[in-house]
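Here are a few notes from going through this one, for you to follow with the viewer open.

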Amino acid sequence: MRHYLSIADMTTEEMTRLFDLADRISASDLTDVDWIANTVRDFTPQLSPAAEPPYTGPANKIMALAFFEPSTRTHLSFTSAMLRLGGKALGFSGTGGTSVAKGETLADTVRMLSAYADVLAMRNPLEGSARLASEYAWIPVINGGDGAHEHPTQALMDLFTIRKEKGQIAGLTVGLVGDLLYGRTAHSLAPGLAAFGAKLVFVAPQSLQMPDYVTAKVEQTMGGVSATAETLAEVVKDLDLIYMTRVQRERFPSPEAYEAVREAYRLDRALMSAAKPDCLVLHPLPRVTEIDPRVDADPRALYFRQAAYGVPVRMALIATLLAYAVGRARRESPETVERGADQRLCANERCVLNHERHVPLAAVEQQGERCVYCEQLRRS
Ligand code: NCD
């Protein structure tokens with residue numbers, strides 16, 4: 001069985017095969033369930049060596065959606081993807097109607113969802129929460145965003161969009177712009193772009209620059225090739241792609257800290273006129289003030305098409321993970337230890353290990369400088 005928790009969970013070859021399937025699917029109108037089922041089944045040997053006949057594909061399987069944080073696109077496009085594969089979907093958005101409101105832990109919630117569904121897509125405000133969930137679940141877990149840490153399925157659709165619209169990713173100069181500190185989509189996309197051979201420019205005010213655990217991954221892949229800039233104006237003419245992001249208001253430590261940077265950058269028609277004639281503009285959405293709506297009519301503005309590609313890309317991902325989950329058995333719960341009331345297991349306050357009452361023993365015994373769950377330094 002495989003989970004999809006981080007952009008590092010698939011090689012570029014695996015992502016390319018997944019994009020080939022998504023391409024095939026997106027060439028249809030997505031409504032012919034039989035054609036989709038046959039296409040997915042024909043493709044399965046390329047997606048997973050584990051899927052032996054009579055693998056039947058995602059049809060009639062159930063996806064659970066556990067969204068502990070607001071979402072429009074990710075929640076609904078996963079639901080749409082599962083339904084278009086001929087599967088079914090159930091779940092919650094916001095915890096008000098669930099036993100989480102009674103104090104149920106993440107570990108207990110995911111074990112229950114494992115009994116009700118065949119694959120789980122989740123979003124949670126704590127960093128490392130999807131990894132922790134995967135240690136209790138006995139179905140594949142997909143990370144739909146874990147706090148400010150990662151959002152790898154968004155990165156898959158971003159990479160798919162770039163490949164489809166530009167032909168290839170290698171050699172492109174991509175500006176990642178905005179809140180790179182808290183923006184989880186950028187944390188997944190930057191290493192993904194680096195793996196495919198793009199050049200990166202991180203454009204952000206000093207206080208919102210890319211965290212070092214992400215730049216370290218990019219440097220490992222690219223041998224140190226990434227540049228930084230404080231304003232888009234100084235680099236816009238060199239970019240083949242502008243990836244705008246929202247200032248992540250909900251992650252700031254105080255309203256004042258947010259106010260200080262909220263208007264730090266804005267893409268408008270004047271900046272677009274300085275950009276290359278074929279420079280594409282992407283944004284994971286929702287957009288607030290960082291892209292002037294008058295840019296929407298520019299043929300280089302691709303963000304709504306990018307969001308629509310989320311459906312075929314997530315269809316291909318679900319098919320891949322279910323192909324790996326053939327013949328799964330119910331797993332035992334890991335051995336756990338109780339965290340003391342004031343005990344901090346990671347220096348990162350937002351790490352899941354500081355919030356669950358009981359954590360896997362292996363989490364307490366983890367070695368190395370960086371936390372396996374949130375990737376921040378474990379000791380400050
Ligand atoms: C992003 C997210 O949730 O991280 N949205 C999305 O899933 N498309 C970006 C954001 O909220 O700014």
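1. Start at threonine 109. Setting aside neighbours within four places in sequence, threonine 109 is in contact with Phe68, Phe92, Val100 and Glu104. Keep in mind that this is a predicted model.

2. Threonine 109 itself sits in helix 4 (residues 106-116). Is it buried or exposed? With a relative accessible area of 7%, threonine 109 counts as buried, because the cut-off for that is under 20%.

3. Now over to the largest nonpolar core, which has 98 residues; Leu176, Leu193 and Leu232 touch the most other members. Helix 12 (residues 310-324) is the top contributor, giving 10 residues. Domain 1 (7-151 + 310-324) and domain 2 (152-308) both supply residues, so this core lies between them. Apart from it there's another core, of 30 residues, with Phe68, Leu113, Leu126 and Ala133 among them.

4. Beyond its neighbours within four places in sequence, it is in contact with Leu159, Ile162, Ile169, Val174, Leu176, Ala198 and Leu200.

5. Leucine 193 is also one of the buried residues of helix 7. That helix (residues 184-195) has 12 residues and reaches 17 Å from first C-alpha to last, close to the 16 Å expected at 1.5 Å a residue. Since 11 of the 12 are buried, helix 7 is largely enclosed by the rest of the structure. The buried set includes Arg184, His187 and Pro191.

6. One backbone detail: after helix 7 comes glycine 197, with a positive phi near 95°.

How values were computed:
Residues numbered from 1 in each chain as written. Predicted model: local features only at pLDDT ≥ 70, side-chain atom pairs only at ≥ 80, totals over all residues. Heavy atoms only, no water. Core = buried A, V, L, I, M, F, W, Y, C linked by side-chain atoms within 4.5 Å. Buried < 20%, exposed > 50% of the residue type's maximum accessible area, 1.4 Å probe, protein only. Helix = DSSP H or I, 4+ residues; strand = E, 2+ residues; numbered from the N terminus. Domains from an automatic or database assignment. Contact = heavy atoms within 4.5 Å. Expected span 1.5 Å × (residues − 1).
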